[in-house]
Amino acid sequence: MNQRYGQMTNQELTAEVARLNELSKKAEQKGMVSEFAVHERKKVIAESYLLNPDDFAPGETYTIEGEPDAETSKFVISYMNGVFAWGHRDGDDSLSAIPIALLDKK
């Protein structure tokens, strides 16, 4: 299926997330680190399309799931662009984009 995530239904996205999860597990078992990382990143993007971007507001502070120092590292949204939140990490002046599936409001 070569359909863009933005054109998929929630049911199709859920199936795609499950498919990518299986592919990433297989790649991890085979020790294929790069392939595992690609499938995991695609899975996060697909999961982001299952969320409502309107639930993420500029000026709000979030933690980033999977960060080693997630409890102390914060991400402040400057603006939204589709399923990506653009903003700044603690102590970093550069703008970065984070898929909304990785953001956690704690």
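Predicted model: local features only at pLDDT ≥ 70, side-chain atom pairs only at ≥ 80, totals over all residues.
Local features need pLDDT of at least 70 and side-chain atom pairs count only at pLDDT 80 or more, while totals for chains, interfaces and linings use all residues. Residues are numbered from 1 along each chain as its sequence is written, and side-chain values use heavy atoms, with hydrogens and water left out.

Helices (H or I, at least four residues) and strands (E, at least two) are DSSP runs, numbered from the N terminus. Helix α1 covers residues 10–29, and its end C-alpha atoms are 29 Å apart.

Leu13, Glu16, Val17, Leu20, Ser24 and Ala27 are the buried residues of α1 (buried: under 20% relative accessible area; exposed: over 50%; partly exposed: in between; 1.4 Å probe, protein chains only). They lie on the same side of α1 because their arc around the axis is only 105 degrees, taken from the directions from the helix axis to the C-beta atoms. These buried residues pack against α2 (33–49), with contact meaning heavy atoms within 4.5 Å. Gln11 and Gln29, on the other side of α1, are exposed. Just after α1, Gly31 has a positive phi of about 75 degrees.

Two strands pair if DSSP finds at least two bridges between them. The pairings are tabulated here.

| Strands | Sense | Bridges |
|---|---|---|
| β2 (residues 75–81) and β3 (residues 84–89) | antiparallel | 6 bridges |
| β3 and β4 (residues 96–99) | antiparallel | 4 bridges |

Gly87 of β3 is the bridge partner of Ile77, and Ser96 in β4 is the bridge partner of Gly87. The hairpin of β2 and β3 has 2 residues between the strands, and Gly82 takes a positive phi near 70 degrees. In the hairpin of β3 and β4, 6 residues lie between the strands, and Gly91 in the turn has a positive phi of about 70 degrees.

How values were computed: Expected span 1.5 Å × (residues − 1).
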